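Biologist: I have a model on screen and would like to learn how to read it. Can we go through it feature by feature?

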Amino acid sequence: MQEEHEVLLVGIIAVLIGVYCIMAAIFNWNWFFNNRRSKGVSKVFKRTGARIFYAALGLLFAGLGISVLILK
């Protein structure tokens, strides 16, 4: 029973992370892209490329989270 709850929690967290990344990409949040962790991606891909990268990453996380929730 506890293992099922842990799987649900992982799925929900993955979906939330995905939505967070997608929202950052859509709304072009400066505080998100100027963060030290995402600054490297912005430096390599420039701002537009970083937005595309984080939108794709968000879709990946959301998709994985949804699949975990469906297949639990």
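**Reading burial, contacts and rings**

Modeller: Ser-42 has a relative accessibility of 13%, so Ser-42 counts as buried. Keep in mind that this is a predicted model.

Biologist: Where is Ser-42 found, and what is Ser-42 in contact with beyond its neighbours within four places in sequence?

Modeller: Ser-42 sits in helix α3, which covers residues 36-71. Setting aside neighbours within four places in sequence, the contacts of Ser-42 are Phe-33, Arg-47 and Ala-50.

Biologist: Is Ser-38 buried or exposed?

Modeller: The cut-off for buried is under 20% relative accessible area. Ser-38 has 3%, so Ser-38 is buried. Ser-38 also lies in helix α3. Not counting residues up to four places away in sequence, Ser-38 touches Phe-32, Phe-33 and Tyr-54.

Biologist: Next, the rings. How many aromatic pairs are there?

Modeller: To pair, two ring centres must lie within 6.5 Å. The count comes to 11 aromatic pairs. One of them joins Tyr-20 and Phe-32: their ring centres are 5.5 Å apart and their planes stand at 75 degrees, so this pair is edge-to-face. Tyr-20 is in helix α1 and Phe-32 in helix α2, so the pair ties together parts 12 residues apart in sequence.

Biologist: What about Phe-32 and Phe-33?

Modeller: Phe-32 and Phe-33 also form an edge-to-face pair, with 5.1 Å from centre to centre and 80 degrees between the planes.

Biologist: Are Tyr-20 and Phe-33 buried or partly exposed?

Modeller: Take them one at a time. Tyr-20 has a relative accessible area of 39%, so Tyr-20 is partly exposed. Phe-33 has 1%, so Phe-33 is buried.

Biologist: Which residues form one aromatic cluster?

Modeller: The cluster holds Tyr-20, Phe-27, Trp-29, Trp-31, Phe-32, Phe-33, Phe-45, Phe-53 and Tyr-54.

Biologist: Last, the surface. Which residues form a nonpolar patch there?

Modeller: A patch takes residues with over 30% relative accessible area. In this model, Leu-9, Ile-13, Ile-17 and Phe-61 form a nonpolar patch on the surface. Together they have about 320 Å² of accessible area. Helix α1, residues 2-27, gives the most to the patch, with three residues.

Biologist: Where is Ile-13, and why does Ile-13 count as partly exposed?

Modeller: Ile-13 is in helix α1. Its relative accessibility is 40%, so Ile-13 counts as partly exposed.

Notes:
Residues numbered from 1 in each chain as written. Predicted model: local features only at pLDDT ≥ 70, side-chain atom pairs only at ≥ 80, totals over all residues. Heavy atoms only, no water. Patch = residues over 30% accessible without salt bridge, like charges linked within 9 Å, V, L, I, M, F, W, Y side chains within 5 Å. Areas by Shrake-Rupley, 256 points an atom, 1.4 Å probe, with all protein chains shown as cover. Salt bridge = Lys/Arg side-chain N within 4 Å of Asp/Glu carboxyl O. Helix = DSSP H or I, 4+ residues; strand = E, 2+ residues; numbered from the N terminus. Buried < 20%, exposed > 50% of the residue type's maximum accessible area, 1.4 Å probe, protein only. Contact = heavy atoms within 4.5 Å. Phe/Tyr/Trp six-rings, centres within 6.5 Å; stacked < 30°, edge-to-face > 60°.
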